[in-house]
Amino acid sequence: MLASLFVPEGASRAGWTEYAPLSASFEYSGSNVGQMLWSVSIIVLGLSSILGSTNYITTVINNRAPGMTWFRMPLSVWSLFITAILGLLAIPVLAGAAIMLLFDQLLHTNFFNVAAGGQPLLWQHLFWFFGHPEVYILILPAMGMVSDMIANGSRKPVFGYHSMVFAIIGIGFLGWIVWGHHMFMSGMNPTLGTSFMVSTMVIAVPSAIKTFNWMGTMWRGNIRFHVPMLNAVAFVAMFVIGGLSGIFMAATPVDMHIHDTYFIVAHLHYVLFGGSLFALFGAITYWYPKMFGRMMSERWGKIHFWLTFVFYNLVFFPMHNLGMGGSMRRIYDPTMYDFLKPMQPLNTFISICAFILFAVQAIFALKFIISLFRGPKAPLNPWEDNGLEWTLPNPAPHGNWERTPSVYRGPYEFSSPLVEEDYLPQTRKLPTDPEPAQHVPAASH
Amino acid sequence: MTHAAVNAMGPPSPTARGVDAYDMKLGMWVFLGSEVMFFTALIGTYVILRFGAPGEWARPGIVLSIPITAFNTFLLICSSVSMVKAYAAIADGNPKLLNVWMLVTIICGAMFVGIQVYEYQHLIHRGLLPSGVREGSELAELVANGTLPEATMGLYGSSFYTMTGFHGFHVTCGVISMLYLYVTKALRGKYTPQDYRGVEVVGLYWHFVDLVWIILFTIVYLV
């Protein structure tokens with residue numbers, strides 16, 4: 001895909017959704033090799049993701065430590081497991097679509113060529129059948145990691161652990177039957193639109209369950225506002241805003257007006273940036289000591305967090321207003337439309353804030369690199385967490401453990417009455433704990 | 001050897017297994033799940049394009065050769081049988097018979113691909129391209145005299161080559177994998193009645209590829 005930037009006519013220019021026939025036909029898009037390279041790169045990347053998913057799924061099902069039952073797994077692992085299943089089943093559909101697109105581009109097949117009986121709408125269905133599970137692939141790991149970080153930061157077990165697991169599974173499952181909500185404006189039968197509307201609204205329920213459970217986790221906790229916790233709590237708040245705007249567009253009649261406006265852009269950035277990206281900042285900070293043996297700077301982490309949080313909201317919240325005012329997506333010059341001219345100052349304001357927001361990320365990037373060499377050396381378990389990974393040296397050696405650990409309890413035993421410390425690792429054996437069933441520990445290979 | 005004993009092969013895991021299958025077998029099943037979705041996308045596309053097509057679809061047997069492909073189908077099914085016999089041979093402790101049946105499977109698979117390639121060449125010569133019917137070809141004349149519908153031949157070629165082509169690609173990968181295992185493991189006697197996981201796992205893949213072909217043959221050639 002990077003190479004496609006340098007070929008004649010340049011890279012693909014049909015949007016990330018690559019709708020046919022713009023993407024399939026050189027005479028429409030003006031980009032020939034670039035478009036083909038896009039298709040090829042999706043196929044190759046897709047294959048690697050599928051193989052990675054196969055690995056995750058097999059490992060989680062078959063290779064858990066003794067005593068690590070399904071309901072003793074941390075939510076970060078649960079979310080990665082469900083995400084891997086989503087990827088396994090959704091990405092091949094994208095690969096099939098990309099192959100058909102490549103063949104239309106390269107071999108002059110006619111999958112999306114109306115003149116020969118093909119159907120551009122087919123691309124939309126295939127793409128979004130992948131595309132919706134894809135967005136849950138983007139958010140579920142973030143949700144799982146946020147659960148881990150919030151429990152740690154609150155020194156309390158996750159509220160409603162089982163319902164959190166079922167919510168992850170529910171979101172994963174429901175994500176398959178909502179794809180039409182990306183296509184409300186494609187001319188579909190209104191009854192079909194209604195069914196997608198209903199399923200899309202239903203999917204808000206498990207997400208809401210998770211939100212309440214995060215709040216319940218923090219309630220009356222002994223809260224530590226370390227950098228990962230700040231980012232995780234920001235995730236919850238920002239994801240709620242993104243989810244609420246999502247309800248607007250789930251309603252088909254409303255979507256008729258706001259589709260392809262900046263309201264959608266606001267929504268997707270609230271869930272992707274406000275959601276996944278804040279979770280990512282928190283998670284990188286959280287697991288950095290385990291990966292690299294040093295801590296990232298707490299002070300700069302807080303500076304980065306607050307600046308990012310403020311400017312991110314200044315950039316993306318006004319987009320709700322822009323979108324409601326009718327500002328369309330993907331147009332070069334909004335001032336050529338009279339009805340958009342009054343909103344242009346808001347557009348300018350957003351752009352300025354966006355440049356500052358981007359500049360602020362240099363803090364995180366520099367912090368990441370500098371801490372590799374100058375960060376304070378990290379203890380084994382700097383956040384006083386319970387998971388298995390915190391018993392490993394920093395960084396973990398190949399094969400992780402020399403002797404397979406045993407697991408005696410769930411992952412969120414914070415503030416347990418059984419011990420003096422406010423955390424109780426999964427692998428720590430108390431006199432009252434029974435040994436899990438084991439065979440001879442296997443040598444890793 | 002019992003099914004349970006096969007599944008107990010390989011390094012023992014120190015925990016009760018998630019499922020009663022060793023890692024490689026579970027991994028292959030999971031991977032086959034993704035392959036199901038892939039072929040569903042292709043076959044689903046074919047169904048949508050054919051039944052939403054702006055005209056009649058070419059009747060069976062005019063463009064494609066059913067007799068040769070039926071033989072090919074038979075060949076692939078036989079190769080699945082020989083695969084099962086190979087598995088049974090090593091399970092019963094007969095590595096030499098394993099080698100025989102594995103070689104039969106590889107040869108049948110390679111013949112399948114070879115015959116498909118021959119078919120492709122013949123079709124291209126007669127004028128069926130991925131983009132439709134080539135001007136001035138034998139099939140173009142059939143279109144001109146109304147035996148073949150003009151409006152849908154573009155879709156016919158597109159869907160035919162894509163579906164059978166990817167299936168052929170998967171068979172080729174299967175033949176290569178099996179050949180690799182044959183040369184590096186079976187011929188060197190590395191499969192034993194205690195550990196023949198590779199045979200079982202490649203066999204699973206092979207049966208999947210066979211099943212996809214049966215579906216493809218039915219809906220592309222016969223319907």
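Colleague: What should I know before I start?

Modeller: Residues are numbered from 1 along each chain as its sequence is written, while chains are lettered from A and ligands numbered from 1 in the order in which they are written. The model is predicted, so local features need pLDDT of at least 70, side-chain atom pairs count only at pLDDT 80 or more, and totals for chains, interfaces and linings use all residues.

Colleague: What is the mean pLDDT of chain B?

Modeller: First the term: pLDDT is the predictor's confidence in each residue, from 0 to 100. For chain B the mean is 90, and 92% of its residues reach 70 or more. Residues 10–15 of chain B have pLDDT below 50. Beyond near neighbours in sequence, that stretch has 24 contacts in the model. Two residues are in contact if their C-beta atoms, placed from the backbone, lie within 7 Å. For the complex, the predictor gives an ipTM of 0.89 and a pTM of 0.92.

Colleague: How many helices and strands does chain A have?

Modeller: Helices (H or I, at least four residues) and strands (E, at least two) are DSSP runs, numbered from the N terminus. Chain A has 13 helices and 0 strands.

Colleague: What radius of gyration does chain A have?

Modeller: The radius of gyration is taken over C-alpha atoms, and the globule rule is 2.2 Å times the number of residues to the power 0.38. With 445 residues, a compact globule would come near 22 Å; chain A has 24 Å, which agrees. Along the principal axes, the C-alpha atoms of chain A fill a box of roughly 75 × 50 × 45 Å. Now look at contacts in chain A with a separation of 6 or more: 79% of them join residues 24 or more positions apart.

Colleague: How many residues of H8(A) are buried?

Modeller: A residue is buried if 20 or more other C-beta atoms lie within 10 Å of its own, exposed if 12 or fewer, and partly exposed in between; C-beta atoms are placed from the backbone. In H8(A), 17 of the 24 residues are buried, so this helix is largely enclosed by the rest of the structure. Over the 445 residues of chain A, 47% are buried. Helix H8 of chain A covers residues 227–250 and reaches 34 Å from its first C-alpha to its last. That is close to the 34 Å expected at 1.5 Å a residue, the expected span being 1.5 Å times one less than the number of residues.

Colleague: Which residues have the most contacts inside the largest nonpolar core?

Modeller: A nonpolar core is a set of buried Ala, Val, Leu, Ile, Met, Phe, Trp, Tyr and Cys residues joined through C-beta atoms within 7 Å. The largest has 165 residues, and Leu94(A), Ala97(A), Val146(A) and Phe235(A) have the most contacts inside it. Helix H3 of chain A (residues 75–106) gives the most to this core, with 23 residues. Take Ala97(A): not counting residues up to four places away in sequence, Ala97(A) touches Trp123(A), Leu126(A), Phe127(A) and Ala41(B).

Colleague: How many residues of chain B are in contact with chain A?

Modeller: 35 residues of chain B are in contact with 41 residues of chain A. Helix H2 (23–51) and helix H6 (153–186) of chain B each supply at least two residues of the side that touches chain A. H2(B) gives the most to that side, with 14 residues.

Colleague: What about Gly174(B)?

Modeller: Gly174(B) is found in helix H6 of chain B. It counts as buried, with 24 C-beta neighbours inside 10 Å. Not counting residues up to four places away in sequence, Gly174(B) touches Gly109(B), Tyr205(B), Trp206(B) and Val209(B).

Colleague: What should I look for in the backbone?

Modeller: Most residues other than glycine have a negative phi, and most peptide bonds are trans. A cis peptide bond joins Ala20(A) and Pro21(A), with omega about 0 degrees. Pro21(A) sits in the segment before helix H1 (26–29) of chain A. The bond from Asn394(A) to Pro395(A) is cis too, with omega near -15 degrees. Pro395(A) lies in the segment after helix H13 (344–374) of chain A.

Colleague: Where is Arg220(A) found?

Modeller: Arg220(A) is in the loop between helix H7 (204–218) and H8 of chain A. Its phi is near 60 degrees, a positive value in a residue other than glycine. Arg220(A) is exposed, with 8 other C-beta atoms within 10 Å.
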